[in-house]
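Hello,

Here is the structure I promised to pass on. Please open it first, then read my notes below.

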There are 2 protein chains.
Amino acid sequence: MATRKTDGSPDDAAAGQPAGGRRRRDAAATREALLQAARDRFMRLGYDRTTLRDVAADAGVNLALIKRYFDSKEGLFKAALAGTPRFLGGEFPQDRAALAEALSHQLSAGAWPEFGEHPVLLLLRVSGDERVDSLRRQALQDFSRRVLEASGAGRDDDERLLRAELLVALGVGIAVVRSTVGLQPLGDATSDDLIGPLRDVVDSLLG
Amino acid sequence: MATRKTDGSPDDAAAGQPAGGRRRRDAAATREALLQAARDRFMRLGYDRTTLRDVAADAGVNLALIKRYFDSKEGLFKAALAGTPRFLGGEFPQDRAALAEALSHQLSAGAWPEFGEHPVLLLLRVSGDERVDSLRRQALQDFSRRVLEASGAGRDDDERLLRAELLVALGVGIAVVRSTVGLQPLGDATSDDLIGPLRDVVDSLLG
DNA sequence: GAACCATGTCAACGAGTGATTACTTGGCGA
DNA sequence: TCGCCAAGTAATCACTCGTTGACATGGTTC
């Protein structure tokens, strides 16, 4: 279904090759176009429902080039994972107010326009391959660890650890609920809508 | 892969036929065994990675019987969905303390032993078929609506609605995080571990 | 015991998938 | 201009999946 465009239609715009005159043989641009298409598909559909033919079609590129640049579907998935930006930016907020503020922005509708959905969803998709899945788990645990650190919880404080993880779970849940059910008003909530409740939650969990 | 057991090995124990002497031709038991195996697979692996051959093998039943009893994979999925028990029991708790109490039990590790994972996960799996997915969405929205009612929010109060939905998101997030990442200590948290933090969250969101 | 039908078995199909190979083409350096 | 190699193409293979129809068999009814 959707829009198959195996024809040479010039909508490989995603490539990002700067010059106006688009070249035809550009390995870097091809690779990038594939990556972007792959991230989009993997995030929206998950690993299994994403077919390499569709990714190649989205990127306006021949199927066999996926093997050339990423070797396999698994390789493509790994590369897509690796390109996922760090959540909550480079530095984590260091106090509760800033944390709530950051969360309300990161979790608002329409954040991550270049991803369509919240990139954390990429980390939830089961690939079926244990090597890939462990990579996935590792990334999500790293994320949690940073939230823990930001919350000021020591490694030894089990209760505070649990509370920080509940905050992570809330973020994951928001992204999941929004992507799978159009639950309103949460689905379209802006950062202004979220900041109040999130501040309350952060305070009650980590206060 | 896995354990194919097309032979007549007597591990159709799941069937639940009461008498000790297991009968060989028992439509109801066969149907139930298929349902149970299907729920398990769908919940752990999602719709796509669940193959009918594996479900049939788990149930110790011939593949073609799925068509007989459920007509198609979609039919099997629908039946599995329909059998999902209502979350939070028959009556919703009507005050915040009771709600926190109920949530801590429903979301504790090892609840739902007959499902393995929290059944809400079944509602998050995309099937790819729009008719099935709308069923799925409907079920999850019904669930949210009941939480809203329990929270005492009126339909007109958008902020309270949002706050109740955040509570739903938290529950979903806990189930998802636990199923996809073994995040500790959340992964093994008991209802005793959860009750404190959850009480705080419920109060801060709906208080 | 015979007829009959629900239950269960078997083997195969067609579609779609990831993977792979042999081939063609474009563009750059000498 | 001419090789040469990276970039891109087309075709196909091997395999798994859901689905299907023809067939076997048990057990109930008369």
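**The surface near DNA strand D**

By class, the surface near DNA strand D has seven nonpolar, five polar and nine charged residues. Here Ala, Val, Leu, Ile, Met, Phe, Trp, Tyr, Cys and Pro count as nonpolar, Asp, Glu, Lys and Arg as charged, and the others, Gly among them, as polar. A residue is near a strand if one of its heavy atoms lies within 4 Å of it.

A word on the basis. This is a predicted model, in which local features need pLDDT of at least 70 and side-chain atom pairs count only at pLDDT 80 or more, while totals for chains, interfaces and linings use all residues. Residues are numbered from 1 along each chain as its sequence is written, chains are lettered from A and ligands numbered from 1 in the order in which they are written, and side-chain values use heavy atoms, with hydrogens and water left out.

Of the 21 residues around DNA strand D, the nearest are Arg25(A), Arg68(A), Leu52(B), Arg53(B) and Lys73(B). Helix α3(A) gives the largest share of this surface, four residues. Helices are DSSP runs (H or I, at least four residues), numbered from the N terminus.

Now the polar contacts (pairs of N or O atoms within 3.5 Å). A polar side-chain atom of Tyr69(A) lies 2.9 Å from a phosphate oxygen of DNA strand D. Thr50(B) uses a backbone N or O atom, 3.2 Å from a phosphate oxygen of DNA strand D. The side chain of Arg25(B) has an N or O atom 3.1 Å from a base oxygen of DNA strand D.

**DNA strand C**

DNA strand C is surrounded by 22 residues. Sugar and phosphate make up 47% of its atoms that come within 4 Å of the protein. Which helix gives the most to the surface near DNA strand C? It is α3(B), with four residues. A base oxygen of DNA strand C is 2.8 Å from a side-chain N or O atom of Arg25(A). For Arg25(B), a base oxygen of DNA strand C is 2.6 Å from a side-chain N or O atom. A polar side-chain atom of Thr30(B) lies 3.0 Å from a phosphate oxygen of DNA strand C.

The axes of α7 (residues 158-180) of chain A and α8 (residues 191-206) of chain B come within 10 Å and cross at roughly 55°. Residues in contact (heavy atoms within 4.5 Å) include Leu162(A) of α7(A) and Pro197(B) of α8(B).

Best wishes

How values were computed:
Polar contact = N/O pair within 3.5 Å; in protein donor to acceptor, adjacent residues only side chain to side chain. Helix = DSSP H or I, 4+ residues; strand = E, 2+ residues; numbered from the N terminus. Axes fitted to C-alpha atoms, helices over the stretch in contact; angles between N-to-C directions.
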